[in-house]
Amino acid sequence: MICDKQKITPDNTGKNVKSRLLQILRQKKEPVSNEDLGGKLEISTESLKKQIAELQDAGYEIITSKSGYRLINDSDFLFPWEFPERESKIHFFRELSSTMDIARDLAQKGCPDFTVIIAELQSKGRGRLQRVWQSEQGGLYFTIVLRPDMAPSKSFRINFAASLVLASVLKKLFHIDAKVKWPNDILVGNMKVSGMLSEMEADAGRLSFVNLGIGVNVNNDPGEYEQKATSIKKLIGKTVARRNLLACFLDEFEKRIAGRSLDNIISQWKQAAYTLGKHVRVVTVQETLEGLAVDVDENGTLILKQKDGTVKQVIYGDCFH
Ligand code: BTN
């Protein structure tokens with residue numbers, strides 16, 4: 001089963017207190033007493049008060065009464081404690097330039113594999129081919145620092161695996177017919193829901209890190225500035241919790257790539273692809289091409305048959321259907 005409910009493992013070190021506190025408050029419609037909470041969390045009344053105050057400051061509406069505490073308005077900010085199993089590797093920012101910038105800095109300073117940088121807003125969100133990625137409130141913007149034991153020439157497999165996993169998570173959670181478009185976009189119909197961008201550094205023929213940046217239109221409205229884009233909210237007609245989507249994607253993606261060389265990823269990607277067999281326009285840094293997308297080879301290269309019958313191999317670009 002994909003994306004089981006998040007397990008929270010209690011410990012007595014004060015770790016995960018906010019996660020566990022929120023889990024209890026989210027389950028109850030009525031106030032939860034001081035004693036009940038303090039007992040379950042094994043913390044004093046004083047530290048409970050402190051934790052509640054910190055959550056209130058962070059934007060959770062928790063009311064305090066004689067009968068205890070009640071969560072009346074939840075927050076969908078992606079704070080580290082919303083991901084209890086990976087809390088120490090989550091870095092959340094309310095606003096930054098681009099998660100790619102912070103990720104590179106952290107990666108170069110030696111942060112661990114699967115460190116995740118999340119932003120509520122990005123002032124300089126980057127897309128592929130030097131485009132701007134508009135990053136307004138409600139979208140999901142994050143970069144994962146990965147340190148796979150892989151040759152740099154194979155790093156494209158990580159992106160293909162990520163787009164496959166994201167498409168299947170979107171299908172599973174929201175029942176939408178998500179498909180992958182070369183190289184790593186997610187489309188529903190012919191509207192873009194997500195895009196990916198990666199940067200890497202290598203040393204002595206092995207990858208030092210691959211930073212995979214992912215933008216997903218969740219509760220935002222990209223249609224205002226991008227005709228061919230839509231969001232999950234638009235598709236299903238209601239706001240969704242970004243924390244569940246992100247937690248689910250991270251768990252599934254981590255499982256999918258753990259210790260794997262991803263040898264079969266291209267053939268799996270082809271089965272979910274929207275691009276093959278379609279007439280496409282391909283934009284690269286140097287030129288714009290048109291033709292039939294006949295295949296994607298084992299290196300992730302798009303094979304394009306042009307009108308005059310010539311075949312072009314496109315290593316890096318974007319395609320439009
Ligand atoms: C594209 O489709 O052109 C790729 C878009 C990638 C956007 C994400 S949002 C998180 C990360 N930070 C960025 O500045 N870009 C990527």
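Predicted model: local features only at pLDDT ≥ 70, side-chain atom pairs only at ≥ 80, totals over all residues.

Modeller: Residues are numbered from 1 along each chain as its sequence is written, and side-chain values use heavy atoms, leaving out hydrogens and water.

Biologist: How many residues surround the ligand?
Modeller: There are 20, counting a residue if one of its heavy atoms lies within 4 Å. The closest are Ser98, Thr99, Arg126, Arg128 and Lys192.

Biologist: What does Lys192 do with a polar side-chain atom there?
Modeller: That atom sits 2.6 Å from a ligand oxygen, and a pair of N or O atoms within 3.5 Å is a polar contact. Arg131 also has a polar side-chain atom 3.1 Å from an oxygen of the ligand. With Thr99, a side-chain N or O atom is 2.9 Å from a ligand nitrogen.

Biologist: Switching topic: where is the cis peptide bond?
Modeller: Between Trp182 and Pro183, with omega about -5 degrees. Pro183 is in the loop between β6 (178–181) and β7 (185–188); strands here are DSSP E runs of at least two residues, and helices H or I runs of at least four, numbered from the N terminus.

Biologist: And which residue has a positive phi although it is not a glycine?
Modeller: Phe114, at about 65 degrees. Phe114 belongs to the loop between α4 (99–108) and β4 (115–122). Most residues other than glycine have a negative phi.

Biologist: What about α5 and α7, how far apart are their axes?
Modeller: 9 Å, for α5 (residues 156–174) and α7 (residues 242–257), with an angle of about 135 degrees. Axes are lines fitted to C-alpha atoms over the stretch in contact (heavy atoms within 4.5 Å), and angles run from 0 to 180 degrees between N-to-C directions.

Definitions and conventions: Polar contact = N/O pair within 3.5 Å; in protein donor to acceptor, adjacent residues only side chain to side chain.
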